[in-house]
Amino acid sequence: MQISRYSAPEFDPYGEARQTETDDGWRAPVAVGPLASVVALPGSKSLTNRELVLAALADGHSTLQAPLWSRDSELMLEGLRALGTRFERMPGTGGFGDDLRVIPADELVGSTTIDCGLAGTVMRFVPPVAALALGPTTFDGDEGARRRPMGASIQGLRALGVDIDDDGRGALPFTVHGTGRVEGGAIELDASASSQFVSGLLLAAPRFERGLDLRHTGERLPSLPHIEMTIAALRARGVDVTTPEPGHWQVAPGAIRAIDVAIEPDLSSAAPFLVAALVAGGHVTVTGWPEQTTQVGAQLAVLLPRFGARVSIDDDRLTVRAPEPTPDGGRGIRGADLDLSEAGELVPNVVALAAFADGPSTFTGIGHIRHHETDRLAALAAELNGLGGHVTELDDGLRIEPAPLHGGPWHAYADHRMATTGAIVGLAVPGVVVDDIASTGKTLPQFPKLWEQMLA
Ligand SMILES: O=C(O)C1=C[C@@H](OP(=O)(O)O)[C@@H](O)[C@H](O)C1
Ligand SMILES: C=C(OP(=O)(O)O)C(=O)O
């Protein structure tokens, strides 16, 4: 199947990070002393990509202020553009690139191919939009994307009356044969592999003729805060969404209001910087921390104290301070046993923290992160153990027993959060070389520069 590879004419999300790589990879800088750093971060991936979809389906022009500009948001933009949405860039208000006006298509049109890259939000949020377009839309992506589960999206759309051609593997590539309308109605699906199956259908549901009555049938439902984020974004645009009981959502058919939205900084991208304060010592402040948010990254304010961090919030600045060092000069980081099912995207960075604790940690409820950009449970165990660590894979989690680490190669598996996890380890372990720091372009193209600035 022919697909058009990702190419954004004006913007190379990997360019900036690539410049910091040598032929071997990126030599993770070692922290030479305690940190005293202030970090500002660009917009949230999850908020940006939800608002792009909703703005494309809205009843007028919407403006996104301070959206994220990264590979995942560019792929979303290109996908929606291919279906007829128009975009106008305007001078930015957020310090990390332009603002964006979104002009919905009078009529969405398929007859196109959409590259999902490795973006879960693109592969799960755009097919329901393509179902509302007239004509066939083929979805494909990176090699790693073809391993990510798509069965629940495909079956869910079929149950709503949408015609889809696939090869039966429940994965990319597949073709949605849009007819310009989706009947909608009541369906069941198993979203235990990803909350994004639910979010994707909810986002487009107001445009289905009968709306949507969706029940999750699986035993577990990961990443609930991300579903709450979807519901909040819909409600902010006047959509009637209810949750009669856990795992059951109803969306009434109706207009999606055009609004202007300010995108919050990405609090999950804050994780490596805040974890750095514990690993290197000292303190790190992240600016623009929202007072109220649906972002799961806000849980860092309660998660990091479980490892001994001291967290304070002063206006819109969140500061994380390292614990008091132990009498023998240790970092004073405690091990912790945590169910991280809500916060799967924070796991890689938190695992790096656990590797420097005084005692073991066990993280459970995260079997689904085997389906993220890579099998993150296997990748974290392999990379830390390759440097002398003692990490055991569990069915739905990881056990980390701290062990002295040594330098060596760190594979990112094209996974932005594996790359930043290697950077965290390298703060305290000389000679860690990350093979693909440019993978951070997925959500944070400025990562190497911000990391250097934090250490300066
Ligand atoms: O809807 C979203 O924006 C996301 C949902 C979560 O996916 P899973 O439910 O697959 O973990 C999260 O891990 C991902 O980074 C972003
Ligand atoms: C799982 C993640 O991404 P995606 O949106 O591609 O699922 C992530 O960012 O950690």
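Of the 13 residues around ligand 1, which come nearest?

1. Ser 46, Ser 194, Ser 195, Ser 223 and His 226 come nearest to ligand 1, out of 13 residues around it; a residue is near a molecule if its C-beta atom, placed from the backbone, lies within 6 Å of it. This is a predicted model, in which local features need pLDDT of at least 70 and side-chain atom pairs count only at pLDDT 80 or more, while totals for chains, interfaces and linings use all residues. Residues are numbered from 1 along each chain as its sequence is written, and chains are lettered from A and ligands numbered from 1 in the order in which they are written.

2. The shell around ligand 1 consists of one nonpolar, eleven polar and one charged residues. Here Ala, Val, Leu, Ile, Met, Phe, Trp, Tyr, Cys and Pro count as nonpolar, Asp, Glu, Lys and Arg as charged, and the others, Gly among them, as polar. At least two shell residues come from each of helix H4 (120-131) and helix H6 (196-204); helices (H or I, at least four residues) and strands (E, at least two) are DSSP runs numbered from the N terminus.

3. The chain is assigned domain 1 (15-41 + 265-455) and domain 2 (45-262), with bounds from an automatic or database domain assignment. Ligand 1 lies between the two domains because both give residues to its shell. The contact between the domains takes 18 residues from domain 1 and 24 residues from domain 2, where contact requires C-beta atoms, placed from the backbone, within 7 Å.

4. For "binding site", an unreviewed UniProt entry lists several positions, among them Arg 148 and Gln 196; such annotations may be inferred rather than shown by experiment. Arg 148 is in the loop between strand E7 (134-140) and helix H5 (151-159). Arg 148 counts as buried because it has 24 C-beta neighbours inside 10 Å; the cut-offs are 20 or more other C-beta atoms within 10 Å for buried, 12 or fewer for exposed, and partly exposed in between.

5. Gln 196, in helix H6, is also buried, with 27 other C-beta atoms within 10 Å. Leaving aside residues up to four places away in sequence, Gln 196 touches Gly 120, Thr 121 and Arg 124, and Arg 148 touches Gly 120, Met 123, Ala 171 and His 371.

6. E16 pairs with strand E17 (residues 317-321) in the antiparallel sense over five bridges; pairing requires at least two DSSP bridges.

Conventions:
Contact = placed C-beta atoms within 7 Å.
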